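The sequence and model are shown first, and the description follows.

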Amino acid sequence: MPRSRVPVELYEPMGPYSHAIVARGQVFVSGAAGTDPNTGALAGEDAYDQTRQVLRNIQSILVAAGATLDDIVYIQVNLRNMTDYSEMNRAYAEFFSEPYPARTVVGVSALPKPGSLLTMNAVAIRGN
């Protein structure tokens, strides 16, 4: 299957992976963190601020791939503390409207970037 890396200027990935890959018109976004691409630091210390930055990062990745947030069909949220669920939802609702993407929220014990409260990965279909 032909695939291509999405050329996007964000923060440096924390491992041997791409921020996103496009294959057959679908954009597969890796676990995006709440890292501010201008500073390299997390966008805040709470789930609300980090969720907003995660979604801004995903939006930048999608634009570079020729897609938008409206093209997302699935998101997985990796949440370090389930007590942050409502704050994550509050920020998430600012970026999406009905019909919402399908979504899974998974509780995780740790994330690669110290201080990170969540990551999100997504699948978008360009022109969806």
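Between the C-alpha atoms of Ser18 and Phe28, which are 10 residues apart along the chain, the separation is 9.6 Å.

## Basis of the model and overall architecture

The model is predicted: local features need pLDDT of at least 70, side-chain atom pairs count only at pLDDT 80 or more, and totals for chains, interfaces and linings use all residues. Residues are numbered from 1 along each chain as its sequence is written, and side-chain values use heavy atoms, with hydrogens and water left out.

The protein contains 2 helices and 6 strands, arranged from the N terminus in the order β-β-β-α-β-α-β-β. Of its 128 residues, 42% count as buried. Contact means heavy atoms within 4.5 Å; among contacts with a separation of 6 or more, 68% involve residues 24 or more positions apart.

## The nonpolar core

A nonpolar core is a set of buried Ala, Val, Leu, Ile, Met, Phe, Trp, Tyr and Cys residues joined through side-chain atoms within 4.5 Å. The largest such core has 27 residues, of which Val27, Ile58, Leu62, Ile72 and Met120 touch the most other members. At least two residues of this core come from each of strand 2 (20–23), strand 3 (26–32), helix 1 (47–64), strand 4 (72–79), helix 2 (85–92) and strand 6 (118–125). Helix 1 provides the largest share, 6 residues.

With neighbours within four places in sequence left aside, Val27 is in contact with Ala20, Ile21, Val22, Leu62, Ala65, Ala67, Ala122, Val123, Ala124 and Arg126.

## Packing of the two helices

Two packed helices are described by the angle between their axes and the distance between the axes. Here the axes of helix 1 and helix 2 come within 8 Å and cross at roughly 40 degrees; axes are lines fitted to C-alpha atoms, for helices over the stretch in contact, and angles run from 0 to 180 degrees between N-to-C directions. The two helices, helix 1 and helix 2, are therefore oblique to each other, since angles under 35 degrees count as roughly parallel, over 145 as roughly antiparallel, 65 to 115 as roughly perpendicular and the rest as oblique.

The crossing of helix 1 and helix 2 is right-handed: a crossing is left-handed if the near helix is turned anticlockwise from the far one by less than a right angle, and right-handed if clockwise. Helix 1 contributes Ala47, Tyr48, Thr51, Arg52 and Leu55 to the contact, and helix 2 contributes Glu87, Met88, Arg90, Ala91 and Tyr92.

Asn78 belongs to strand 4 and, at 13% relative accessibility, counts as buried. Gln76 also has its place in strand 4 but is partly exposed, with a relative accessible area of 22%. Their side chains are joined by a polar contact of 2.8 Å, that is, a pair of N or O atoms within 3.5 Å; within protein, one must be able to donate a hydrogen and the other to accept it, and residues adjacent in sequence count only if both atoms are side-chain atoms. Gln76 and Thr104 are 28 residues apart in sequence, yet their C-alpha atoms are 4.8 Å apart.

Thr119, in strand 6, is buried at 10% relative accessibility. Leaving aside neighbours within four places in sequence, Thr119 is in contact with residues including Gln76 and Asn78.

## Backbone features in loops

Most residues other than glycine have a negative phi, and most peptide bonds are trans. Arg24, although not a glycine, has a positive phi of about 50 degrees; this residue lies in the loop between strand 2 and strand 3 and is exposed, at 65% relative accessibility. The peptide bond from Glu98 to Pro99 is cis, with omega near -5 degrees, and Pro99 is located in the loop between helix 2 and strand 5.

Notes: Buried < 20%, exposed > 50% of the residue type's maximum accessible area, 1.4 Å probe, protein only. Helix = DSSP H or I, 4+ residues; strand = E, 2+ residues; numbered from the N terminus.
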